[in-house]
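Hello,

Here is the structure for your files. My notes on its aromatic contacts follow below.

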Amino acid sequence: MASALNTSDAFSQDFEQQSVNDASVEVIEIRGIVSSLKRAMSDKKENLAVSDGIAAEDLGKFPDLNVAESLQRITGVSIDRNGGEGQKITVRGFGPQFNTVLVNGRQLATDDAGRAFNFDVLAADQITGASIYKSGVANLQSGGIGSTINVSTARPFDYDGFQAVGSVKGVYETLSEETSPQASFLASNTFAEDKIGLLLAVSHQERQVQVNRIGTAGWRPGLTLSNRNDGVLATNVYLPRNWNQTVDQQDRTRTNASLVAQFAPTDDVTITLDGFVSKFEIDSQLSALASWFEADRVSSATISDFGTALQFTQGIDVHEGSGNPASDFISSTRGIRDVTNKGFGLNVDWNITDTISAKFDVSTSDAENDVAGKGRNNVVGIINSYEFDGRGNIPTVIHNGFENGSLPDVSLNRLHGNDLGNIFASQDEVTEYKADFTYLADSDVFRKVDFGFLRSEREKYVFQEFAAQCAFCGYGTEAPIDELNIRPFTAKNFLSGLIDTWYTYDGDAYLDYLASQGAPLEPTLQPNYYNIEEDVTAIYANFELGYDIGDMPLTMNFGARYEETNLSVSAVQALIADIVPTSDLTLYTNVFAPAENITESSSYANLLPSLNVKLEIQEDMIVRFSRYDSLSRPTMSQLSPATTFNSPRRQNLQASGGNPDLKPFSADNWDLSFEWYYSDDSIFSFALFSKEVEDFIVTLSADETYAMTNRLPNDYRCAAADCAPGISLDPEEPNRDVVADTNELNGASEVYTVTRPQNGETAKVNGYEAAVTHVWDNGFGITANATIVNSDAEISADTSRTFALAGLGDSQNLIVFYERDAFQARIAFNNRESFLFALDNTSVGGKTGEPVTTKTYGQWDVSASYDISENLTVFIEGINVTEEELTQIGRFPNQIYSIEDNGARYSLGIRGSF
């Protein structure tokens with residue numbers, strides 16, 4: 001569909017990938033919205049494949065902060081945000097792992113533990129365009145059941161002589177109330193009668209972000225609510241695992257640089273050498289007021305018809321073994337990222353004869369998220385009672401003593417648990433070798449054949465350096481107020497009606513204090529790392545034919561791509577051998593058996609045929625049909641054979657693992673579309689599509705039993721010193737044998753809830769897209785589109801359902817713009833309707849194995865610019881100007897999972913071109 005931004009011809013902007021139809025493309029200088037739309041419609045009309053795209057309105061002038069935020073304006077595209085900016089994309093209901101992302105036709109390494117590409121590492125200033133291919137063509141790299149996205153960057157031969165552009169702007173965040181600088185510069189020139197070209201681009205962006213969030217790790221089903229005084233209050237109840245109110249203050253820094261050199265020794269040969277580096281850092285400082293809920297200390301409760309605990313209290317001295325509740329104060333830096341992306345490539349474009357041309361390309365890229373052994377999480381708390389109330393629009397937890405900004409006495413603070421490095425680091429490297437050829441036939445019917453070869457070699461290493469310290473768990477030790485700098489903290493612009501003042505402290509000082517007390521946190525490499533080597537070899541051929549049916553020109557291409565994939569997976573595994581107590585009656589410690597090395601390998605082959613047909617009913621009306629097979633490979637994290645054991649909790653033993661024998665998703669697809677170009681700058685289009693996906697990979701939870709081998713000589717009691725009979729672990733009941741009374745601390749084996757991926761399901765997705773773009777003579781214009789998606793794999797209230805497609809949901813876009821002389825203005829609305837975020841929330845860091853659904857989210861963005869001269873433009877931009885909040889729920893609407901507020905951001909700047 002022609003988008004509100006710019007739609008580009010398939011590969012017309014892609015310098016390292018062969019054109020889908022090799023139509024001659026005239027170089028057009030684009031300035032402004034309407035000119036871009038005209039180019040979009042022209043390219044779409046000529047193209048054979050089903051594709052959409054965006055392009056910079058001018059060199060160095062991209063419509064949004066990053067590429068993902070511009071892609072969301074395109075029909076069928078939705079995005080996931082992080083820190084209020086676009087990070088990953090979903091196309092036609094298929095999430096990030098189902099979309100292959102290329103840059104200049106090359107697959108890039110990513111810091112994601114799987115395959116999803118994080119667009120937030122790319123600054124928009126250096127991007128000239130991005131194309132989304134929704135239908136398959138044999139010369140497209142595989143991996144994208146949803147789509148293949150190719151992002152293109154500037155080349156010196158794209159411009160005549162010397163060109164230079166630059167911009168500076170300040171970005172204001174409404175939540176943090178801070179303003180940060182951003183700047184970019186690009187210079188390009190050609191020499192030696194345009195036979196040599198050089199281009200340098202540099203950009204630097206800073207943001208001081210605040211993210212306000214409330215939420216739980218999940219709603220636990222089937223619980224019995226009770227207390228020691230009244231006994232059982234209710235059975236088969238959903239209870240939230242916890243409830244946190246968090247303020248995450250982030251300093252985000254993104255620096256990108258690229259250098260391109262081109263050389264044309266003859267008119268028939270162009271050699272391009274390019275390299276880039278990207279550095280993206282997030283320094284995160286999270287402060288939270290947290291509460292932990294146990295079913296055996298509920299003093300009173302209000303239960304809904306479906307069993308959800310809408311209101312309940314956690315009282316002191318009423319528990320039946322879990323200990324007293326506490327108002328926890330969390331200081332955490334787990335939200336950090338330290339990502340470096342680098343890439344280099346050499347491309348040779350050679351017109352061998354008038355009928356034969358070739359493109360050779362060699363590239364390598366790597367990505368590293370350097371967070372190993374970093375990211376602390378500290379807890380200080382006050383033994384306290386509180387009440388959860390979820391009967392309103394925003395759930396609240398009322399902590400005793402926190403009314404009207406007041407706080408309990410600071411001397412009541414007690415030390416609790418700490419950990420360091422509870423996040424995974426990653427290293428990824430991709431090397432590709434490609435050769436693409438085109439033969440132009442001297443025939444009216446058989447027009448050309450494209451054929452080629454690809455060799456891709458990828459290696460991803462994911463690991464964790466972690467340490468936990470529970471020497472002071474259980475709230476039994478007074479917190480050193482001065483050493484930790486414990487002080488009141490008031491959240492700026494927090495969610496209305498909630499407690500916004502609690503205690504915070506210096507988490508790094510907390511670590512220093514632990515070390516001074518002989519309990520240092522010293523992260524070590526954990527026995528759950530994995531290394532995956534994936535080699536793909538592909539060959540393809542694609543034929544293009546054309547003839548007339550009466551007065552209606554028909555063009556078609558058909559071909560196939562054959563690929564062989566070889567995998568080698570190595571990991572280290574240490575199985576659980578014991579669970580031992582800490583001073584917190586609800587928190588335990590894992591004890592592992594000696595680690596063992598694991599090495600496995602697998603291979604598979606796929607043949608992917610494709611057919612694309614375009615029929616011009618009349619000069620301004622086109623019908624298209626595409627039929628093709630596609631595949632998406634399992635994510636790297638899904639292929640790991642290692643099992644990772646979470647920190648054990650009372651009534652909550654969890655682990656997760658991968659499956660190196662997973663097969664790729666395979667899909668049988670068709671598209672049917674109609675386009676009416678009813679004026680020079682206006683279009684209406686409608687498309688139907690269908691995808692039937694086999695071997696769908698589902699991540700599910702199941703019970704797995706592990707032998708506690710360390711307990712064998714200890715009469716099946718846990719084997720630590722604190723496990724011996726007669727040792728007092730409960731200060732309230734010194735004579736109680738806690739080990740004997742606690743299921744997790746005794747017995748020959750323990751049952752863990754383990755999530756693992758597996759093949760086997762089939763999902764059918766079908767839907768339709770409609771789009772219209774209309775420009776009036778008075779300078780106003782509008783573009784609107786909608787995508788409706790349906791599937792036989794959707795979530796319901798049926799708790800026995802084990803499969804549903806995450807990310808599936810309808811979306812709509814509306815853009816109204818005005819462009820006349822030196823003034824431009826645009827208002828954009830993007831709406832993504834409710835969709836399943838995760839069928840099993842343990843797959844996204846949750847704790848309960850229950851589904852999570854993201855509710856409908858609509859965002860308004862605005863922008864305007866004025867050309868004060870031929871070379872200078874001032875502009876203003878607003879993102880999420882109505883400050884919408886993102887809400888997620890559990891299985892039922894009254895189970896709020898999280899509410900996140902990123903606020904709005906505004907920028908004011910000036911752009912110059914010379």
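F98 and F696 are both buried (under 20% relative accessible area with a 1.4 Å probe and protein chains only; over 50% is exposed, and in between is partly exposed). This is a predicted model, in which local features need pLDDT of at least 70 and side-chain atom pairs count only at pLDDT 80 or more, while totals for chains, interfaces and linings use all residues. Residues are numbered from 1 along each chain as its sequence is written, and side-chain values use heavy atoms, with hydrogens and water left out.

Across the whole structure, the search finds 34 aromatic pairs (Phe, Tyr or six-membered Trp rings with centres within 6.5 Å; planes under 30 degrees apart are stacked, over 60 edge-to-face, the rest tilted). One of them is F98 with F696, tilted, at 5.9 Å centre to centre and 45° between the planes. F98 lies in the loop between β3 (85-91) and β4 (99-103) and F696 in strand β39 (residues 682-707), so this pair ties together parts 598 residues apart in sequence (strands are DSSP E runs of at least two residues, numbered from the N terminus).

Y238 and F892 pair edge-to-face, at 5.8 Å centre to centre and 85° between the planes. Because Y238 is in strand β12 (residues 231-240) and F892 in the loop between β48 (885-889) and β49 (896-901), the pair ties together parts 654 residues apart in sequence. Y238 counts as buried at 8% relative accessibility, and F892 does at 11%.

Ring pairs also link W219, W243, F293, F312, Y386 and F388 into a cluster.

Regards

Terms used: Helices (H or I, at least four residues) and strands (E, at least two) are DSSP runs, numbered from the N terminus.
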